[in-house]
Amino acid sequence: MADIAKLVEELSALTVMEAADLAKALEEAWGVSAAAAVAVAAPAAGGEAAAAAEEKTEFDVILTGDGGKKIQVIKEVRAITNLGLTEAKALVEGAPKAVKEGVSKAEAEDIKKKIEEAGGTVEIK
């Protein structure tokens with residue numbers, strides 16, 4: 001039992017990349033699916049990380065394109081961000097770029113709707 005506790009402690013110290021490499025190595029060595037290894041490793045990693053991912057409260061609204069309606073999208077971006085004309089134009093032309101960061105889900109959805117109505121394309125992350 002002491003060996004298992006020590007192994008769990010060592011595995012808990014792994015970074016995400018190290019855990020992914022471990023899953024690949026185990027899949028190759030044992031011929032098992034990585035999905036099964038991840039399902040077993042996730043509880044060992046701690047429930048705090050999973051809870052934090054589920055409880056995301058801040059979102060980034062990313063403009064991915066102007067949809068061929070650059071002027072309308074620039075006007076909408078200006079209204080949303082209070083940027084000047086040149087700054088809003090640079091943001092739209094430089095897509096993909098963040099329009100707003102760290103906003104609530106409701107505000108992100110509202111911004112997305114407004115930009116899409118103007119003809120632009122948006123992602124919420």
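Colleague: What makes up the largest nonpolar core here?

Modeller: This is a predicted model, to start with. Its largest nonpolar core has 17 residues, and those with the most contacts inside it are Val 61, Leu 63, Val 73, Val 77, Val 92, Val 99 and Ile 115. The elements giving two or more residues to that core are β1 (59-65), α5 (70-81), α6 (85-93), β2 (97-103) and α7 (105-118).

Colleague: Take Val 61, then. What is Val 61 in contact with, leaving aside its neighbours within four places in sequence?

Modeller: Lys 97, Ala 98, Val 99, Lys 100, Val 103, Ala 108, Ile 111, Val 122 and Glu 123. For the protein as a whole, residues 24 or more positions apart account for 67% of the contacts with a separation of 6 or more.

Colleague: And how many helices and strands are there in the protein?

Modeller: Seven helices and three strands. Read from the N terminus, the elements go α-α-α-α-β-α-α-β-α-β. Of the 125 residues, 18% count as buried. The accessible surface comes to about 8,700 Å², with 57% of that belonging to carbon and sulfur atoms.

Colleague: Which residues make the nonpolar surface patch?

Modeller: Leu 7, Leu 11, Leu 14 and Leu 22, covering about 300 Å². Leu 11 sits in helix α1 (residues 2-12).

Colleague: On to charges. How many salt bridges does a search of the whole structure find?

Modeller: Five. Opposite charges on side chains can pair when the charged atoms come close.

Colleague: How do you know that Glu 107 and Lys 100 form one of them?

Modeller: The closest N and O atoms of Glu 107 and Lys 100 are 3.5 Å apart. The cut-off is 4 Å between a side-chain nitrogen of Lys or Arg and a carboxyl oxygen of Asp or Glu, so the pair qualifies. Glu 107 is partly exposed at 32% relative accessibility, and Lys 100 is partly exposed at 26%.

Colleague: What separates Lys 114 and Asp 110 along helix α7?

Modeller: About one helical turn, because Lys 114 and Asp 110 are four residues apart in α7. Their N to O distance is 3.4 Å, and the two side chains meet in a salt bridge. Lys 114 has 35% relative accessibility and Asp 110 has a relative accessible area of 37%.

Colleague: Which other residues take part in salt bridges?

Modeller: Among them are Glu 123 and Lys 125, whose side chains meet at 3.7 Å, N to O. Glu 123 is partly exposed at 36% relative accessibility. Lys 70, Lys 89 and Glu 93 are linked in a network of salt bridges.

Colleague: Last one: what stands out about the phi of Asn 82?

Modeller: Asn 82 has a positive phi of about 60 degrees although it is not a glycine. Asn 82 lies in the loop between α5 and α6.

Colleague: Why is Asn 82 called exposed?

Modeller: Exposed means over 50% relative accessible area. Asn 82 is at 69% relative accessibility, so it counts as exposed.

Definitions and conventions
Residues are numbered from 1 along each chain as its sequence is written. This is a predicted model: local features need pLDDT of at least 70, side-chain atom pairs count only at pLDDT 80 or more; totals for chains, interfaces and linings use all residues. Side-chain values use heavy atoms; hydrogens and water are left out. A nonpolar core is a set of buried Ala, Val, Leu, Ile, Met, Phe, Trp, Tyr and Cys residues joined through side-chain atoms within 4.5 Å. Buried means under 20% relative accessible area, exposed over 50%, partly exposed in between (1.4 Å probe, protein chains only). Contact means heavy atoms within 4.5 Å. Accessible areas come from the Shrake-Rupley method with a 1.4 Å probe; for residues, only the protein chains shown count as cover. Patches are made of residues with over 30% relative accessible area and no salt bridge: like charges are joined within 9 Å, nonpolar side chains (Val, Leu, Ile, Met, Phe, Trp, Tyr) within 5 Å.
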